[in-house]
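Please look through the sequence and the three-dimensional structure shown here before reading on. The report below describes strands, a helix, aromatic rings and charged side chains in turn.

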Amino acid sequence: MKTLNDFNFKDKKAIIRVDFNVPLDDNFNVTDATRIEAAKPTIDKILADGGSVILMSHLGRPKGAEDNYSLCHIVAKATEILGVQVQFATDCIGEPATSAAAALQPGQVLLLENLRFYKEEEAGDVDFAKKLADLGDIYVNDAFGTAHRAHASTTIIAQFFPTSKCFGMLLAKEIESLNKVLKNSEKPVTAVLGGSKVSSKITVIENILDKVDHMIIGGGMTFTFVKALGGTVGDSICEDDKQELALEILRLAKEKGVQIHIPVDVVAADAFSNTAATQIVDVREIPDGWQGLDAGPKSLENFKKVILESKTILWNGPLGVFEMPTFAKGTIALGDYIAEATANGAFSLVGGGDSVAAVKQFGFEHKVSYVSTGGGAMLEMLEGRSLPGIAAILE
């Protein structure tokens, strides 16, 4: 696996695929700069070597060149974070890009305009990829969030750099962290899978059953399992057509010696509202008109024991509707247990949009071993799929 450390970038122009798809407010201010900060170590290394950097990214889902989606809006924030004046090219190919790239001196940073202003980017167009490739000497992919897409800038471009391509620090760390869970894990290994639907996690579950000792099922998925086992779930979210699948997962887990832990009690509410009336009920006996919206106290005690005995922990999905404070207690408690296990020497990896949001919201970001930056890409790796953006560098 070639990384930045395999190259000296002195007098070289590194063209880096970053993921600067950051949220902007109505005045085009960056409201969360995490993704820009995540790319800084890679950029710093190249500049310290005496190289220059050409950054390419997408922003949003524009339909052609739309000012709202111009990367010019993030230049000031990128300059502030990188500590270097970021130059901006008003196009990602053609004269504005080629002349700006040609004039770039060691120690300088150039940001290209939004790649998705061209439909050729998402189409994986070879000619478009070649025009991007012509701008730099070494190709660096540091965008894990888009590594599962065979786009021009994430995958196709790599063929024009047969011996001069590598992973950036962020992408290398993502691969290393996922491999720590999937391939080189210290036992016991526990996966916590939350979220609302079994259907969205089925491939992940099937792929990781061979790699884990314990699996904690939480969130809305719980009720499909409970109903399949003969319980009454009231008005809780439930995929009736996935009950057979839930029973098959339980059968497979038993066959493989994996212990599945499902909540035994829940915080039930009489409405999907933060101000709803609540009661703690047995997960198998949720009354009509009530719905389970968080894990209950007995469930949390059970989960705590499992987590604190684990050496490797994967967390993907919350235990309840954490966006409402009334139903956030389970997710916060889980975060506390994982933080404690991590402090005691366990390796913990958090990934998937909702889990990452919860970890940031409740201040666990620096109390776990690694927070993944790519929701879809991480899920596909957990499903055992080859990611085109990663495969292109390894070829």
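This is a predicted model: local features need pLDDT of at least 70, side-chain atom pairs count only at pLDDT 80 or more; totals for chains, interfaces and linings use all residues.

Residues are numbered from 1 along each chain as its sequence is written, and side-chain values use heavy atoms, with hydrogens and water left out.

**Strands and sheets**

Helices (H or I, at least four residues) and strands (E, at least two) are DSSP runs that are numbered from the N terminus, and two strands pair if DSSP finds at least two bridges between them. Strands of a sheet pair through backbone hydrogen bonds, either parallel or antiparallel. An open sheet of six strands in this model has the order E10-E8-E7-E15-E16-E17, with parallel pairing. Its edge strands are E10 (259-261) and E17 (370-371), each of which pairs on one side only. Within this sheet, strand E7 (residues 189-193) runs parallel to strand E8 (residues 214-217) and is joined to it by four bridges; Ala191 has Met215 in E8 as its bridge partner.

Another strand to follow is E5, which pairs with strand E1 (residues 13-17) in the parallel sense over four bridges, and which is joined to E6 by three bridges, again running parallel. Tyr139 in E5 is the bridge partner of Ile15, and Tyr139 also stands opposite Lys165 in E6. Are the residues on the two faces of E5 buried or exposed? Both faces are covered, since Ile138 and Val140 on one side and Tyr139 and Asn141 on the other are all buried, where buried means under 20% relative accessible area, exposed means over 50%, and partly exposed lies in between (1.4 Å probe, protein chains only).

**Helix H10**

The expected span of a helix is 1.5 Å times one less than its number of residues. For the twelve residues of helix H10 (residues 297-308) the span should be 16 Å, and the end C-alpha atoms are 16 Å apart, which agrees. The buried residues of H10 are Ser299, Leu300, Phe303, Val306 and Ile307. They cover an arc of only 125° around the axis, so they lie on the same side of H10; the arc is that of the directions from the helix axis to the C-beta atoms. An α-helix has 3.6 residues a turn, so residues three or four places apart point the same way. On the other side of H10, Lys298 and Lys305 are exposed.

**Aromatic rings**

Rings of Phe, Tyr and Trp (its six-membered ring) pair if their centres lie within 6.5 Å, and planes under 30 degrees apart count as stacked, over 60 as edge-to-face and the rest as tilted. The structure holds four aromatic pairs. One of them is the tilted pair of Phe7 and Phe9, with 6.1 Å centre to centre and 45° between the planes. Phe7 is buried, with a relative accessible area of 13%, and Phe9 counts as buried at 0%. Another pair, Tyr139 and Phe161, is stacked, with 6.0 Å centre to centre and 25° between the planes. This pair links distant parts of the chain, as Tyr139 lies in strand E5 (residues 138-141) and Phe161 in the loop between E5 and strand E6 (165-167), 22 residues apart. Tyr139 counts as buried at 0% relative accessibility, and Phe161 is buried, with a relative accessible area of 3%.

**Salt bridges**

A salt bridge is a side-chain nitrogen of Lys or Arg within 4 Å of a carboxyl oxygen of Asp or Glu. The count by this rule comes to 18 salt bridges, and the table lists some of them.

| Side chains | N to O distance |
|---|---|
| Asp44 and Lys40 | 3.3 Å |
| Lys187 and Asp213 | 3.1 Å |
| Lys242 and Asp241 | 3.1 Å |

Asp44 and Lys40 both lie in helix H1 (residues 34-49), four residues apart, about one turn of the helix. Asp44 is partly exposed, with a relative accessible area of 29%, and Lys40 is partly exposed as well, at 25%. Asp241, by comparison, counts as exposed at 60% relative accessibility. Finally, Glu248, Arg251 and Glu255 are linked in a network of salt bridges.
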